[in-house]
Amino acid sequence: MRYFFPLFLSLFLLNGFFSSLEPTQALPDFSSSKHPVEILTLLNLGLRRLAADIEMVHLLIYYGSSEAMADDLNPPKGVPLYPGIFLRAKEILSLDPSFSYVRLYAAGALAFNLGRPDEALELMREGLILEPDNSKYKAYIAAIAFSQKGDERQAVEALGPYLHSPKTPSMIKNVAAFIYLRLKEWPQAAELYQELLNSKDAGYRKEAKKMLRKIKKRRI
Amino acid sequence: MKKIWILAVDSFLENIWNRIFVLVAIFGGLLIYASLLFGVLAVEQELRVLMDSGLALIEMVTLIAGIYFSATLFLKEIETKTIYLVLSRPLSRLEYLLGRVFGLILSLLFIMVSMSFIHLILLFVHHWSWQNSYLWALAGIFLKALMLIAAAVFFSLFSTSTIAAIVFSGSLWILGNFTQEIRFLTQKESGLTAILSRILLFLFPHFEVLNWRGGFHEAKVLMGASYAALYFSIFLALSWLIFRAKEF
């Protein structure tokens, strides 16, 4: 039994040494979450990414479907539409800061659909702190800034090369296509709607089909 | 070496025919199927969700099976008195211990490979293109399982109670996922909380070094693999010390 102590000591030292090698991480903030038990259980099992995925699904349901709370769709005076979207996105990003889809989706919705560019910019700036070389975030910031000034053409042009990326959320492509329509730039709008025909979201596919028919009629 | 191998294969076959193993395999298959449904809800992020939920389920089932099999491995043989028969043969206790543990490792590998096979089929059906990071993720899960089974074997020999061994190992699993946050606390807090947090860092394993889902980073993989190997060896040596002195 004389080997017990040295073995335990080496085990403690081993744990201490390896724990000091990884960067520290704050506990994710899920104080505003509607599913704290779900998240905590997954965190206990070391499944942070899955917790972020589940919260993302909740975010998509919240923003993209009729399951949103009546209060969020018809808020009292002074309260914006979908007030929870920013906090929900922050919560997901505190679980998985590298989840760029959520950052882009929420920022796009806030800036281009809900008229809350400040919150969108905050999400983008946080993203740039984590990934300073991410040019997609930089393009988004530029697009949001142009959109704040009311310069829609510059806003979509700032997104330029990323608009056609398969990783860009369909919602952003849809917004950009709509802006092109307003600017009467039919070919660009048609190109984006054409891409949206391959979207995994049936809602955007349906919308793209309808809009492509309209564009065709106008051009004729 | 031959004796260890025979014991390992025997343990492996015993686990394969164990009803719980079959249940675990069915459970894993069903849950992966459920992850497919969950993936549909994620719309544009279907592949990511399918990947994450599949790997998470593989990890959970492997670790739960690992803890359960390790905790019951020796206690069941002691209860049924099978251990007397085996140890009365020309076989050292070290060979017996190693044989049983390697058998357990083979069983876990089998569980992991079977579930990954189902998972990969699902991913390929969804037009996923192969990435080596998948293998690294599985390797990380396997090393976590190695660390936990070594600890669970030690606890089962030390506590002589299956439930206690499962509870101790389960606690290691849970707290081992929080070391980064505990370190954060040591930096933010002061006084007793900071001291206690520091002590916890030395007590619990650090599973984050084995999280290789982001892909291959040579230094991280090397560091994590050496940590798991050392951790496994130390716990196995501790188990051997207890097992050697044990009277049946």
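How are α5(A) and α6(A) oriented to each other, roughly parallel or roughly antiparallel?

Modeller: One caution: this is a predicted model. Now the pair. Helix α5 of chain A covers residues 85-95, and helix α6 of chain A covers residues 100-113. Their axes come within 10 Å and cross at roughly 165 degrees. Angles over 145 degrees count as roughly antiparallel, so α5(A) and α6(A) are roughly antiparallel to each other. The crossing of α5(A) past α6(A) is left-handed. On the α5(A) side, the contact is made by I85(A), F86(A), A89(A), I92(A) and L93(A). α6(A) answers with V102(A), R103(A), A106(A), A109(A) and L110(A). By class, the residues of this contact are nine nonpolar, no polar and one charged.

The domain assignment of chain A gives domain 1 (32-152) and domain 2 (169-220). Their C-alpha centres lie 24 Å apart. Eight residues from domain 1 of chain A and seven residues from domain 2 of chain A make the contact. On the domain 1 side, α6(A) gives the most, with seven residues. That side of domain 1 has five nonpolar, two polar and one charged residues.

Now a helix pair in chain B. Helix α1 (residues 2-17) and helix α5 (residues 93-125) of chain B have axes that come within 7 Å. They cross at roughly 45 degrees, and α1(B) and α5(B) are therefore oblique to each other. α1(B) passes α5(B) in a right-handed crossing. Among the residues in contact are I4(B), L7(B), F12(B) and I16(B) of α1(B). Those from α5(B) include Y96(B), L98(B), F102(B) and L106(B). Charged residues take part too, including K3(B) and D10(B) of α1(B) and E95(B) and R100(B) of α5(B). The contact of α1(B) with α5(B) divides into 11 nonpolar, five polar and four charged residues.

Last, the chains themselves. Here 39 residues of chain B are in contact with 33 residues of chain A. On the chain B side, α3 (46-79), α8 (179-188), α9 (192-203) and α10 (218-245) each supply at least two residues. α10(B) gives the most to that side, with nine residues. The side of chain B that touches chain A divides into 24 nonpolar, seven polar and eight charged residues.

Note on methods. Residues are numbered from 1 along each chain as its sequence is written. Chains are lettered from A and ligands numbered from 1 in the order in which they are written. This is a predicted model: local features need pLDDT of at least 70, side-chain atom pairs count only at pLDDT 80 or more; totals for chains, interfaces and linings use all residues. Axes are lines fitted to C-alpha atoms, for helices over the stretch in contact, and angles run from 0 to 180 degrees between N-to-C directions. Helices (H or I, at least four residues) and strands (E, at least two) are DSSP runs, numbered from the N terminus. Angles under 35 degrees count as roughly parallel, over 145 as roughly antiparallel, 65 to 115 as roughly perpendicular and the rest as oblique. A crossing is left-handed if the near helix is turned anticlockwise from the far one by less than a right angle, and right-handed if clockwise. Two residues are in contact if their C-beta atoms, placed from the backbone, lie within 7 Å. Domain bounds come from an automatic or database domain assignment.
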